[in-house]
Structure formats: C-alpha cells, structure tokens
Amino acid sequence: MNVLILKRATILAAFLGAIVAVVGLIPFFIIYVVLFLSFFASPAVLIFMKKKFLLGVLDMQQSALLGSAIGFACSVGFFVVFVPAICLIHLIFKNYYSYGIQYFVQFQALWLFIIILAMLAAILALTNSVSAMAVNYVYSQIEKVPEDAKMPVDITIDEGV
C-alpha cells in the first residue's frame with residue numbers, strides 16, 4: 001500500500017470525524033452519528049477519494065487496511081473534538097446531556113476513560129474495515145479493471161559482472 005494514500009485517507013478521516021463530532025453535539029443526532037461512525041465512515045472517505053481520483057485499484061487486503069485506518073482516525077478525530085466540547089457545554093448549561101463524560105474527568109478516572117476510548121476506536125476500526133471491503137467489492141464489480149493490474153509482477157535481478 002502506498003503510504004501517501006494512507007496518509008491522505010487518515011487526514012480526511014480525521015476531518016470527517018471532527019465534522020461528525022460537531023453534528024453529534026446536537027442530542028437528537030447522536031444515534032445517527034454513532035451509526036455513521038460505525039459503518040459509513042470508511043465508505044464515505046473511499047468514495048470521496050475515488051471521485052477525486054486520489055485512489056486507484058485496490059485489492060481486498062489493501063481496502064481492509066485502509067478501512068481500518070480510516071475507522072480509527074475518524075473515531076480519534078471524533079473523540080478529540082466531542083469530549084472537550086461536551087465538557088465545555090456542560091460547564092455552561094448544567095442540564096445539557098453529558099453522556100457521563102465529565103464524571104470520568106471529575107473523579108480522576110481519566111486513564112479508564114482513555115482505555116474505553118481506545119477500545120471503541122478499535123471496534124470502529126474493525127467495522128469500518130468490513131464496510132471498506134464491501135465498498136471495494138462493489139467498485140470491483142462496477143469498474144473495468146485493466147488487464148495489467150491483474151497480472152502478477154515478476155521482477156528478476158541480474159547479478160552484474
């Protein structure tokens with residue numbers, strides 16, 4: 001896998017996570033945000049990259065790796081924006097939904113909170129990996145793949161005199 005593609009995908013996913021976190025601050029939309037983060041983050045980034053011609057032909061292993069990186073980066077971007085925003089809003093409006101976040105910070109259980117967020121990010125990476133493989137399968141059925149892409153690469157190195 002090209003490292004440049006992986007870097008671009010993770011940066012796009014982190015921005016997407018931050019945007020989704022701002023939408024998630026509205027309590028009505030939080031269930032839709034969780035569903036989006038769970039299943040539709042990597043397809044959204046992959047489709048965007050395909051439309052902008054930033055992504056070429058991928059096999060299933062590459063799409064799984066890319067999907068898991070997108071899922072992890074999107075969840076980290078979400079948590080980096082969402083958690084401080086919820087804490088700040090809860091300081092101003094006491095009746096606002098806090099989702100229990102300020103209790104972790106208040107009772108010095110920050111290490112437990114970080115472990116929970118890491119586990120959630122790992123779970124979201126796995127689910128986004130599966131959805132990225134599904135998107136790659138659909139794209140492989142729709143697109144015409146050139147014959148050169150299916151041929152195995154045979155590299156021979158001649159030993160010089």
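Reply: Begin with a cut-off for accessibility. A residue counts as buried under 20% relative accessible area, as exposed over 50%, and as partly exposed in between. Keep in mind that this is a predicted model. Now apply the cut-off to Phe53. At 75% relative accessibility, Phe53 is exposed.

Me: Where does Phe53 lie?

Reply: Phe53 sits in the loop between α2 and α3.

Me: What is the phi of Phe53 near?

Reply: The general idea comes first. Most residues other than glycine have a negative phi. In this case, Phe53 has a phi near 60 degrees, a positive value in a residue other than glycine.

Me: Which loop holds Gly56?

Reply: Gly56 is also placed in the loop between α2 and α3. With a relative accessible area of 38%, Gly56 is partly exposed. Gly56 and Ile5 are 51 residues apart in sequence, and their C-alpha atoms are 9.5 Å apart in space.

Me: What share of the residues in the protein is buried?

Reply: The protein has 161 residues, and 35% of them are buried.

Me: How many helices and strands are there in the protein?

Reply: The protein has six helices and zero strands. Read from the N terminus on, the order is α-α-α-α-α-α.

Me: How do I describe the packing of two helices?

Reply: Two values are used: the angle between the axes and the distance between them. Take helix α3, residues 60–92, and helix α5, residues 110–142. Their axes come within 6 Å and cross at roughly 140 degrees. Angles over 145 degrees would count as roughly antiparallel, and 65 to 115 as roughly perpendicular. α3 and α5 are therefore oblique to each other. The crossing of α3 past α5 is right-handed. The residues of this contact comprise 15 nonpolar, eight polar and no charged.

Me: At what angle do α2 and α3 pack, and how far apart are their axes?

Reply: The angle is about 140 degrees, and the axes of α2 and α3 are 8 Å apart. This pair, α2 and α3, is therefore oblique too. The crossing of α2 and α3 is right-handed.

Me: How is empty space found in a model?

Reply: A probe the size of a water molecule is rolled over the atoms, and this shows where empty space is left. The largest pocket has a volume of about 330 Å³. It is lined by 17 residues, and the closest to its centre are Val34, Phe78, Phe79, Phe82 and Leu120.

Me: Which helices each supply at least two residues of the lining of the largest pocket?

Reply: They are α2 (30–51), α3, α4 (101–106) and α5. The largest share of this lining is from α5, with six residues.

Me: How do the residues of the lining of the largest pocket divide into nonpolar, polar and charged?

Reply: This lining has 16 nonpolar residues, one polar and no charged.

Me: What volume does the second largest pocket have, and which residues line it?

Reply: The second largest pocket has a volume of about 170 Å³. Its lining is made of Phe72, Val76, Phe79, Val80, Val83, Pro84, Leu117, Ala118 and Ala121. Both α3 and α5 supply at least two residues of this lining. The most comes from α3, with six residues. By class, the lining of the second largest pocket is nine nonpolar, no polar and no charged.

Me: How many cavities of 30 Å³ or more does the structure hold?

Reply: The probe fits in a cavity but cannot get out, whereas a pocket is open. This structure holds one cavity of 30 Å³ or more. Leu46, Lys50, Leu55, Leu58, Ser63, Ala132, Val135, Asn136 and Tyr139 line it. The elements giving two or more residues to this lining are α2 and α5.

Me: Which helix gives the most to the lining of the largest cavity?

Reply: That helix is α5, with four residues. The lining of the largest cavity divides into six nonpolar residues, two polar and one charged.

Methods:
Residues numbered from 1 in each chain as written. Predicted model: local features only at pLDDT ≥ 70, side-chain atom pairs only at ≥ 80, totals over all residues. Heavy atoms only, no water. Axes fitted to C-alpha atoms, helices over the stretch in contact; angles between N-to-C directions. Parallel < 35°, antiparallel > 145°, perpendicular 65-115°, else oblique. Left-handed = near helix turned anticlockwise from the far one by under 90°. Nonpolar A, V, L, I, M, F, W, Y, C, P; charged D, E, K, R; others polar. 1 Å grid on protein atoms, 1.4 Å probe; cavity = no way out; pocket = protein on both sides within 12 Å on 5 of 7 lines; lining within 4 Å. Points joined across faces, edges and corners; volume = space filled by probe spheres on them. Buried < 20%, exposed > 50% of the residue type's maximum accessible area, 1.4 Å probe, protein only.
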